[in-house]
Amino acid sequence: MTHSLVCAETVSRVSSVLNRNTRQFGKKHLFDQNEETCWNSDQGPSQWVTLEFPQLVRVSQLQIQFQGGFSSHRGCLEGSQGSQALHKIVDFFPEDNNSLQTFPIPVAEVDRLKLTFEDATDFFGRVVIYHLRVLGKKV
């Protein structure tokens with residue numbers, strides 16, 4: 001059975017926050033399950049989210065809900081274990097809409113993930129995410 005791998009001990013980082021307003025648009029809103037909050041990046045050529053888990057995990061699925069008009073045409077998921085360099089796990093191709101999108105992930109045992117959102121649908125390169133779920137099992 002898969003469940004959310006993000007817990008209180010998971011360390012997250014993001015590429016940017018719109019106008020540096022972390023209170024209103026910060027990374028904490030990616031995981032708060034609140035329909036009214038979101039992470040809103042600032043502008044740029046690509047945006048990213050990193051996650052460092054407290055133990056090794058087996059990722060099986062990503063679920064992402066973008067704001068339509070602020071999505072990306074292509075995403076890349078990278079991962080690693082310990083101090084190893086990140087390696088590509090899979091590319092994924094979101095749709096530009098408001099629905100919760102699910103992306104299956106090939107078997108990947110990692111303790112660090114990086115999601116990179118490239119080729120934003122917004123002219124300025126901003127990305128808005130209401131929900132980010134990383135599903136799988138603890139190893």
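Tutor: The chain exposes about 7300 Å², of which carbon and sulfur atoms supply 48%; accessible areas come from the Shrake-Rupley method with a 1.4 Å probe, and for residues only the protein chains shown count as cover. The model is predicted: local features need pLDDT of at least 70, side-chain atom pairs count only at pLDDT 80 or more, and totals for chains, interfaces and linings use all residues. Residues are numbered from 1 along each chain as its sequence is written, and side-chain values use heavy atoms, leaving out hydrogens and water.

Now the rings. Rings of Phe, Tyr and Trp (its six-membered ring) pair if their centres lie within 6.5 Å; planes under 30 degrees apart count as stacked, over 60 as edge-to-face and the rest as tilted. That rule gives four aromatic pairs. Phe 66 and Phe 117 have ring centres 5.7 Å apart and planes at 90°, so they are edge-to-face. This pair links distant parts of the chain, 51 residues apart: Phe 66 is in strand S4 (residues 46-66) and Phe 117 in strand S7 (residues 100-120). Strands are DSSP runs (E, at least two residues), numbered from the N terminus.

In another pair, Phe 92 and Phe 103, the centres are 5.0 Å apart and the planes at 45°, so the pair is tilted. Phe 92 lies in strand S6 (residues 87-92) and Phe 103 in strand S7, so parts 11 residues apart in sequence are tied together.

Phe 66, Phe 92, Phe 103 and Phe 117 form one aromatic cluster. Buried means under 20% relative accessible area, exposed over 50%, partly exposed in between (1.4 Å probe, protein chains only). Phe 66 is buried at 1%, Phe 117 at 1%, Phe 92 at 3% and Phe 103 at 9%.

Definitions and conventions:
Helices (H or I, at least four residues) and strands (E, at least two) are DSSP runs, numbered from the N terminus.
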